[in-house]
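Work through the exercises below with the sequence and the structure side by side, and try each task before reading its solution.

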Amino acid sequence: MANKGPTFGMSRQVQDKIDSKYDSDLEQILVEWISRQCGSGVGRPEAGKLGFQAWLKDGCVLSELVNSLFAGEKPVKKIQSSPMAFKQMEQISQFLNAAEKYGVTKTDMFQTVDLWEGKDLAAVQRTLSALGSLAVTKDEGTYNGDPNWFFKKAQENKREFSDEQIKAGKNVIGLQMGSNKGASQEGMSYGRPRQIL
């Protein structure tokens with residue numbers, strides 16, 4: 001799987017476009033957050049895309065990260081490093097399931113091969129950013145890091161209106177519906193007038 005040759009033509013262009021979405025500044029923020037969140041036991045990767053991938057590839061760091069966000073029972077029960085590819089992919093899959101359980105939407109998730117084969121590390125960054133944003137938004141006391149690293153997600157702001165307010169609103173024509181003020185055909189003379197012979 002990982003021993004694929006170089007790509008050419010359209011495949012190369014697509015892969016270059018995917019690779020260009022990788023953000024090295026975001027990488028530094030994510031590494032700093034994961035190090036603070038999980039403690040010094042997870043270490044730090046070598047700078048750059050390949051170092052970031054190698055650090056996360058076995059899934060152990062990711063599993064430690066998602067476990068640290070849960071206050072009670074930990075979703076990933078067994079975290080163990082293994083040199084076998086399918087075990088590493090299984091560990092990544094457990095992280096993805098736990099992140100979904102935490103509240104990360106399916107559209108924000110990366111696929112296991114995106115990380116393991118290094119196909120789309122920008123997607124991995126998006127998933128980790130979504131997880132960080134969710135941790136900041138939930139504010140359960142489990143987030144360790146600068147709250148300014150991730151944006152806070154919008155929360156529900158429900159409003160109650162009385163029947164009188166609803167009736168009054170029905171009489172108002174909103175500007176989204178348009179307005180006919182100032183609409184006339186005065187001055188509508190385009191081109192030459194019609195010639196009747």
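**Exercise 1.** Decide whether Phe 70 is buried or exposed in this predicted model, and then classify the ring pair made by Phe 70 and Tyr 102.

*Solution.* Begin with accessibility: Phe 70 has a relative accessible area of 15%, and because buried means under 20%, Phe 70 is counted as buried. Tyr 102, at 3% relative accessibility, counts as buried by the cut-off of 20%. Next, consider the aromatic pairs, of which a search of the whole structure finds two. In one of them, the ring centres of Phe 70 and Tyr 102 lie 5.3 Å apart with the planes at 65°, and since planes over 60 degrees apart count as edge-to-face, that is the class of this pair.

**Exercise 2.** Classify the pair formed by the rings of Phe 95 and Phe 110, and state where each of the two residues is located.

*Solution.* The ring centres are 6.2 Å apart and the planes of Phe 95 and Phe 110 meet at 25°, which is under 30 degrees, so the pair is stacked. Phe 95 lies in helix H5, while Phe 110 lies in the loop between H5 and helix H6 (112-116), 15 residues apart. Both Phe 95 and Phe 110 are buried.

**Exercise 3.** Describe how H2 and H4 cross, and name the residues through which they meet.

*Solution.* Two packed helices are described by the angle between their axes and the distance between those axes. For helix H2 (residues 24-38) and helix H4 (residues 60-69), the axes come within 9 Å and cross at roughly 60°, and the crossing is left-handed. From H2, the residues Trp 33, Ile 34, Gln 37 and Cys 38 meet Val 61, Glu 64, Leu 65, Ser 68 and Leu 69 of H4. Sorted by class, this contact has six nonpolar, two polar and one charged residues.

Notes:
Residues are numbered from 1 along each chain as its sequence is written. This is a predicted model: local features need pLDDT of at least 70, side-chain atom pairs count only at pLDDT 80 or more; totals for chains, interfaces and linings use all residues. Side-chain values use heavy atoms; hydrogens and water are left out. Axes are lines fitted to C-alpha atoms, for helices over the stretch in contact, and angles run from 0 to 180 degrees between N-to-C directions. Helices (H or I, at least four residues) and strands (E, at least two) are DSSP runs, numbered from the N terminus. A crossing is left-handed if the near helix is turned anticlockwise from the far one by less than a right angle, and right-handed if clockwise. Contact means heavy atoms within 4.5 Å. Ala, Val, Leu, Ile, Met, Phe, Trp, Tyr, Cys and Pro count as nonpolar, Asp, Glu, Lys and Arg as charged, and the others, Gly among them, as polar. Rings of Phe, Tyr and Trp (its six-membered ring) pair if their centres lie within 6.5 Å; planes under 30 degrees apart count as stacked, over 60 as edge-to-face and the rest as tilted. Buried means under 20% relative accessible area, exposed over 50%, partly exposed in between (1.4 Å probe, protein chains only).
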